[in-house]
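The structure comes up next.

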Amino acid sequence: MTRVRTLSSLSAILFLSILCCMNVSANSQKLIDTGEMLYNQNCVFCHQADAIGKTGFAPSLSNPELLAIASDKYLASTIRDGRIGTAMGPYAHLGKEKIIAIVAYLRSHETLPHRSAEVDMQRSAQGDARKGELWYHDICSTCHGPQGDGYLAGSSGTAIGKAGFLSKASDGFIRETIKYGRSNTRMLPFYGSAGLANLDEQEIEDIITYLRSLNK
């Protein structure tokens, strides 16, 4: 009898576990659907359908390389606070739950392994800002503007010299982006012989250090 009851208990637990998993899955899809609706109400006008972005106007938010290295905190806080000095206004009025739903919708576009925790734990950049400035103006300013002002400077790239970006992006996030770029965008890889500018590790450190000097 004891064995029968134990088996019955195990079966009940297994059944409840399956139901729980099904509910989580259903809730996740519901959250994504809510996020898509909110995205289409608030974000689509700049970031376009399916968050593919528009060069010189708004970045892609469904880019696989971005989603692979951007934490939920990075995405949510950017939506909440916006980016001062750019066309990206704050959306704090939506509230936490709606912002989380939008992030869930963006996450539904993921195709690469998510590794933001690993990336954000990378070391702080150790470089020479003076050398980084030279590299920045030779390589990066063409797209991101002379002072990193991005679109508002008439450039095709985002405002990577503004506090709204620099206060949220880790050095690892910036390092990975410079090294490996973002597919289907104008942000190409710049690291090594396969990169557009054949930058080495130290030169990338110098650029990051220079960008950090702009965050004042």
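Q: Before anything else, what does "buried" mean here?
A: Buried means under 20% relative accessible area, exposed means over 50%, and partly exposed is what falls in between, with a 1.4 Å probe and protein chains only. This is a predicted model, where local features need pLDDT of at least 70, side-chain atom pairs count only at pLDDT 80 or more, and totals for chains, interfaces and linings use all residues. Residues are numbered from 1 along each chain as its sequence is written, and side-chain values use heavy atoms, with hydrogens and water left out.

Q: Why is arginine 175 called buried?
A: Arginine 175 has a relative accessible area of 2%. The cut-off is under 20%, so arginine 175 counts as buried.

Q: What makes arginine 175 and glutamate 205 a salt bridge?
A: The term asks for a side-chain nitrogen of Lys or Arg within 4 Å of a carboxyl oxygen of Asp or Glu. For glutamate 205 and arginine 175 the N to O distance is 2.8 Å, so the label applies.

Q: Which parts does that pair tie together?
A: Glutamate 205 sits in helix α10 and arginine 175 in helix α9, so the bridge ties together parts that are 30 residues apart in sequence. Helices here are DSSP runs (H or I, at least four residues), strands are E runs of at least two, and both are numbered from the N terminus.

Q: Is glutamate 205 buried or exposed, and how do you know?
A: Glutamate 205 is buried, because its relative accessibility is 3%.

Q: What other salt bridge does glutamate 205 form?
A: Arginine 123 forms a salt bridge with glutamate 205, with the closest N and O atoms 3.4 Å apart. This pair links distant parts of the chain, with arginine 123 in the loop between α6 and α7 and glutamate 205 in helix α10, 82 residues apart. Arginine 123 is at 45% relative accessibility, so it counts as partly exposed.

Q: How do you know that glutamate 176 and arginine 115 form a salt bridge?
A: Their closest N and O atoms are 2.7 Å apart, and the limit is 4 Å. Glutamate 176 is in helix α9 and arginine 115 in the loop between α5 and α6 (116-120), 61 residues apart. Glutamate 176 counts as buried because its relative accessibility is 10%, whereas arginine 115, at 28%, counts as partly exposed.

Q: How many salt bridges turn up in the whole structure?
A: A search of the whole structure gives twelve. There is also a network of salt bridges that links Asp72, Arg107 and Glu110.

Q: What makes a set of residues a nonpolar core?
A: The members are buried Ala, Val, Leu, Ile, Met, Phe, Trp, Tyr and Cys residues joined through side-chain atoms within 4.5 Å. The largest such core has 42 residues, and Phe165, Phe173, Ile174 and Ile178 touch the most other members. Among the helices that each supply at least two residues are α1 (2-42), α5 (96-107), α7 (129-144) and α9 (171-180). The largest share, seven residues, comes from α5. In soluble globular proteins, nonpolar side chains tend to be buried together.

Q: What is phenylalanine 165 in contact with?
A: Contact means heavy atoms within 4.5 Å. Leaving aside neighbours within four places in sequence, phenylalanine 165 is in contact with Tyr74, Arg83, Ala159, Ile160, Phe173 and Ile174.

Q: Why is glycine 132 called buried?
A: Glycine 132 has a relative accessible area of 0%, so it falls under the 20% limit. Glycine 132 lies in helix α7, and its C-alpha atom is separated by 5.1 Å from that of tyrosine 210, 78 residues apart along the chain. Not counting residues up to four places away in sequence, glycine 132 touches Asp206, Ile207 and Tyr210.

Q: How many helices and strands does the chain have?
A: The chain has ten helices and zero strands.
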